[in-house]
Amino acid sequence: SVPAVVRRLMPEVAQNIGKFPSGRDYHLLPGERPSKLLRQVAREMGAKVFYQRNTIFVQTLSEMLKVESPFTYAYENRQADYRIIHYSRPNVDYLIEDALLRNYRGWNMVDGLLNASRHQDTPACFVSGDTISVLDNLSVLSVPEVDFVVSGSGSLRPGITLDLEWNLNRRDAPLDESLPTKIVIGTSSHFYSAQKYLTRIKGVLPL
C-alpha cells in the first residue's frame, strides 16, 4: 500500500495520504534516491506528493479540490477581505498537449497488451505499467491555470484550495467566467517588493 511504502522510506515523518488501491510492488534499487521512487508511486496513483512542515502528503488533485477552501480571494473588489493584486494566465496548453499527453501502453503477463482508456488519439508510449488504472493515471496532469499575487500570508502553502472571484467593471458581465473559481495551490513564493510582503501563487487544476 502507499502508506506502507512511505513509512518504509520516511519512517520519522507524519503522513497525510489519500485512499489508493494496494497490490503493487515497488523496489528501491541500489543507489536510487527514495524521492525518485516516491515520485513513481505518486505518478502511478495519479497523485501529487510533497513535503510540508514535517508531513508528507500523497493526494490526488481531484480530492484536494473537494476540501473546503479556507480563503476566498477576489479581484477588483475593494470590499473583499482577501484581494488579488494582479494576475496572468499561463499559455501552456499547447506545450502540455505536445510534450506530455500520451496514450500509455503496457504489458500484463495474463491479459497481454494493455492500452490506456484515456487520450487514445495521442501518440502511443510504452511503459512498464501492467494495469489499466496505472496506465490511465500516468496521463493525469496538473495544469497551471492562473498566476497571481496577493498580500503576503504564511498560511498560503502548496496543497490547499482557494476560492476565487474575478470581478469585471462591466454591467453586462460582472464576472469573468473564463477564469477558474477554485484552484489548488501548486507553488507559493513569499517575497518583499517595495517594502511590502507579498505572496505569488500558481494555481493548478487536474487535466
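This is a predicted model: local features need pLDDT of at least 70, side-chain atom pairs count only at pLDDT 80 or more; totals for chains, interfaces and linings use all residues.
User: Let's start with the barrel. Which strands are in it?
Analyst: Six strands form a closed barrel, in the order E4-E5-E9-E12-E11-E10, with mixed pairing. Neighbouring strands there are turned by 45° against each other on average, direction ignored. Axes are lines fitted to C-alpha atoms, for helices over the stretch in contact, and angles run from 0 to 180 degrees between N-to-C directions.

User: What counts as a strand, and what counts as a pair?
Analyst: Helices (H or I, at least four residues) and strands (E, at least two) are DSSP runs, numbered from the N terminus. Two strands pair if DSSP finds at least two bridges between them.

User: And what holds a pair together?
Analyst: Strands of a sheet pair through backbone hydrogen bonds, either parallel or antiparallel.

User: How does E4 pair with E5, parallel or antiparallel?
Analyst: Parallel. Strand E4 (residues 72–75) and strand E5 (residues 82–88) share three bridges. Tyr 73 has Tyr 82 in E5 as its bridge partner. Ala 74 is partnered by Arg 83 in E5.

User: What about E4 and E10?
Analyst: E4 and strand E10 (residues 161–166) are parallel too, over four bridges. Thr 72 is opposite Asp 163 in E10.

User: Now the open sheet. What is its strand order?
Analyst: The order is E7-E6-E8, three strands with mixed pairing. E7 (112–115) and E8 (124–126) are at the edges with a single partner strand each, so one side of each has no neighbour in the sheet. The twist averages 30° from one strand to the next.

User: How many bridges join E6 to E7?
Analyst: Four, and the two strands run antiparallel. E6 covers residues 103–108. Gly 106 has Leu 114 in E7 as its bridge partner.

User: Switching to E3. How many of its residues are buried?
Analyst: Five of the five residues of E3 (residues 55–59) are buried, so the strand is largely enclosed by the rest of the structure. Buried means under 20% relative accessible area, exposed over 50%, partly exposed in between (1.4 Å probe, protein chains only).

User: Which way do the E3 residues point?
Analyst: Thr 55, Phe 57 and Gln 59 point one way, Ile 56 and Val 58 the other way. In a regular strand the side chains alternate between the two faces of the sheet.

User: Which strands does E3 pair with?
Analyst: E1 (residues 14–17) joins E3 through four bridges, running parallel. Ile 17 has Val 58 in E3 as its bridge partner. E2 (residues 48–52) pairs with E3 in the antiparallel sense over five bridges. Tyr 51 is opposite Ile 56.

User: What lies between E2 and E3?
Analyst: Two residues, and the strands form a hairpin. Arg 53 in the turn has a positive phi of about 50°.

User: Where is Leu 61, and is it buried or exposed?
Analyst: Leu 61 is in helix H3 (residues 61–66). Leu 61 is buried, with a relative accessible area of 8%.

User: What does Leu 61 touch?
Analyst: Lys 48, Ser 142, Val 184, Val 204, Leu 205 and Pro 206, not counting residues up to four places away in sequence. Contact means heavy atoms within 4.5 Å.

User: Last topic, pockets. How much space lies in the largest pocket?
Analyst: About 580 Å³. On a 1 Å grid over the protein atoms alone, a pocket is an open set of points where a 1.4 Å probe fits, with protein on both sides within 12 Å along at least five of seven lines; lining residues have an atom within 4 Å of a point. Grid points are joined across faces, edges and corners, and a volume is the space filled by probe spheres set on the points.

User: Which element gives the most to the lining of the largest pocket?
Analyst: H2, with five residues. The lining has 29 residues, and Ala 42, Ala 47, Lys 48, Val 49 and Ser 142 lie nearest the centre.

User: How big is the second largest pocket?
Analyst: Its volume is about 240 Å³. Of the 15 lining residues, Phe 57, Met 64, Val 67, Gly 159 and Ile 160 are closest to its centre. E2, E3 and H3 give two or more residues each to that lining.

Methods. Residues are numbered from 1 along each chain as its sequence is written. Side-chain values use heavy atoms; hydrogens and water are left out.
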